[in-house]
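Dear colleague,

I am handing over the structure below, with an account of what was found in it.

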Amino acid sequence: MKITSLLQHQLPLLALGAAGTTAAATPQQRPNVVIILADDMGYGDVACNNPYARTATPAINNLAAAGLRFTDAHSAGSLSGPSRYGLVTGRYFFRVDNHREYFGYLEPDIELQRPTIGSMMQRAGYTTGCVGKWHLGLEWTVKDKRKPQILTPEVLGYTNTDFSARVEHTPNDVGFDYSFILPASLDMPPYVFVENHRVVDPDVTLTAEVYPTDKGAETEYAWDRIYTNERDIYWERGTWWRNGEMSRSFKFEECLPTVVSQGVEFIRRAVKDDKPFFLYLPLTGPHTPWLPSEESKGTTLLGSYGDFVRDIDNAVARVCQTLRESGVEENTIVIFASDNGAPWNDTDIQKYGHSSNWSSRGQKGDAWDGGHHIPLIIRWPDVIKGGNVSHHTVGLIDLFATLADINGVPLRPDEAEDSFSFKPILYGDTTPTRDHILYFSGDHTLAIKQGDWKYIDGLGSAGFSAPQKVSPTPNGPKGQLYNMKDDPLEQNNLYLQDPQRTEKMSRELERLRKQGYSRTL
């Protein structure tokens with residue numbers, strides 16, 4: 001690891017002035033920041049990333065044309081929770097001692113004392129907001145303390161949750177001044193909006209009592225039917241969600257527009273204050289259920305999925321328009337990314353003629369690159385010249401240190417320890433800011449990429465793709481080693497052919513797993 005990485009964590013950092021000299025940024029000079037995080041949107045779903053894309057993303061393409069597009073950006077995990085934990089805390093999810101997840105009822109993953117990207121931006125003088133999908137746990141109140149919160153986990157229906165009570169351990173408790181969130185994914189109950197510490201509509205019913213579980217003869221079953229049962233809602237590939245508690249006023253088809261509207265309103269309120277603002281805007285699409293707006297229906301060649309991706313693009317357009325109309329576009333950093341790869345398998349590729357995870361093997365959940373390779377585009381008119389492309393390896397986990405670097409906020413060695421600033425890349429420096437990155441798959445398998453080489457600590461996809469797990473054979477490989485330059489689709493396992501490299505990367509992966517980055521320098 002370069003000594004510059006250590007300095008980035010331990011020394012006060014100064015923002016680079018417009019004239020090229022170092023100077024501490026004043027509140028007026030500090031750029032506003034908006035992170036737009038799509039949910040389950042693959043690298044190849046962004047048309048400017050994929051020459052064969054059947055999606056339409058003009059607003060995201062314009063963002064890239066005016067900013068910097070990364071071709072080797074990675075999530076902090078191949079599933080929602082681990083990825084978001086990495087972005088918000090700057091550390092990998094496998095460093096969390098206890099993982100207890102049950103849809104939107106899971107316990108908090110972020111300790112109250114843990115620094116977050118929100119609290120760091122507060123230290124820098126920002127007004128901070130979190131609007132959209134949280135999926136990092138909340139502390140719910142139960143009606144009857146003698147009973148568990150989840151009464152019937154086999155067939156989820158009504159729970160012991162008191163939705164009229166104050167909700168604790170929300171984003172407000174870990175660095176965000178304002179929050180308006182959906183607890184988890186849009187196919188995971190409870191389907192309620194939580195504003196700051198209160199459920200917006202505490203009068204709950206069950207989804208199956210409001211929405212038909214199928215469309216009768218119009219229902220088209222596909223491979224993703226395996227995720228639902230007879231009480232869940234399933235209409236067609238991608239358009240399904242689990243039965244469970246929801247606010248009576250909640251409408252699935254209006255969830256994404258509501259999130260975008262709340263995010264836009266936060267920007268408009270924040271612009272009126274004499275402080276810079278930071279908005280973390282994790283969208284709820286194009287994750288299932290695919291429910292495109294009437295405006296987007298029929299506008300693409302990919303049916304419901306492509307039309308829903310168009311809604312994500314429209315959300316980007318709306319945010320950018322709001323910044324422009326508010327007069328803060330030039331001094332606002334807009335970051336567009338996705339939390340992980342798309343759940344798009346070979347059947348989908350053949351049926352739709354589109355590769356959501358284009359240029360990579362596998363899909364969401366996998367240790368293969370399709371699970372972690374994500375779109376990442378950054379526009380900052382005051383600094384970045386438009387139309388640039390970076391092939392450097394970076395991660396969502398690096399946004400924490402990068403924004404701290406831009407704002408001159410020193411990070412302690414035990415804070416955001418897996419995050420490294422790529423601010424120099426934004427200013428045009430061609431020097432790589434990290435020489436490796438870690439992967440965390442759906443079944444918690446770890447992998448490491450160093451330069452052209454990638455090592456996976458096991459066989460199989462370790463996620464959604466088949467085969468998920470492969471048992472080693474006598475004298476056969478126990479893991480996977482790929483030359484990503486010569487073999488970007490991870491087809492030729494060199495585990496046995498290059499034993500020295502295999503052993504070296506295996507040892508390095510274990511060292512980083514146990515000790516972290518900055519604490520070992």
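A residue is called buried when its relative accessible area is under 20%, exposed when that area is over 50%, and partly exposed in between, using a 1.4 Å probe and protein chains only. This is a predicted model, in which local features need pLDDT of at least 70 and side-chain atom pairs count only at pLDDT 80 or more, while totals for chains, interfaces and linings use all residues. Residues are numbered from 1 along each chain as its sequence is written, and side-chain values use heavy atoms, with hydrogens and water left out.

With that cut-off, Phe400 counts as buried because its relative accessibility is 0%. Phe400 belongs to helix H8 (residues 399-406), where helices (H or I, at least four residues) and strands (E, at least two) are DSSP runs numbered from the N terminus. Contact here means heavy atoms within 4.5 Å, and, not counting residues up to four places away in sequence, Phe400 touches residues including Leu87, Val88, Thr89, Gly90, Met120 and Leu411. Asp418 is 18 residues from Phe400 in sequence, and their C-alpha atoms are 9.5 Å apart in space.

Leu87, Val88 and Thr89 are also among the buried residues of helix H3. Ten of the ten residues of H3 (residues 80-89) are buried, so this helix is largely enclosed by the rest of the structure. Its cover includes strand S1 (32-38), helix H4 (117-123), S3, S11, H8 and strand S15 (436-440). Gly90 follows H3 and has a positive phi, near 75°.

Strand S3 (residues 127-133) is likewise largely enclosed by the rest of the structure, because seven of its seven residues are buried. Two strands are said to pair if DSSP finds at least two bridges between them. S3 pairs in the parallel sense with strand S11 (residues 277-282) over four bridges, and Thr128 has Phe278 as its bridge partner there. S3 also runs parallel to strand S4 (residues 178-182), to which five bridges join it, with Cys130 opposite Ser179.

Helix H5 (residues 255-271) has buried residues that pack against S1, S3, S4, S11 and helix H6 (303-325); among them are Leu256, Val260, Val264 and Ile267.

Axes are lines fitted to C-alpha atoms, for helices over the stretch in contact, and angles run from 0 to 180 degrees between N-to-C directions. On that basis, helix H2 (residues 58-65) and H6 pack at an angle of about 50°, with their axes 7 Å apart.

Lastly, four strands form an open antiparallel sheet in the order S15-S16-S17-S18. S15 and strand S18 (480-483) are the edge strands, each pairing on one side only. Strand S17 (residues 453-456) and S18 pair over four bridges, and Ile456 has Gln480 as its bridge partner. Helix H10 (residues 499-515) lies across S15, strand S16 (446-450), S17 and S18, and runs at about 115° to S16.

With kind regards
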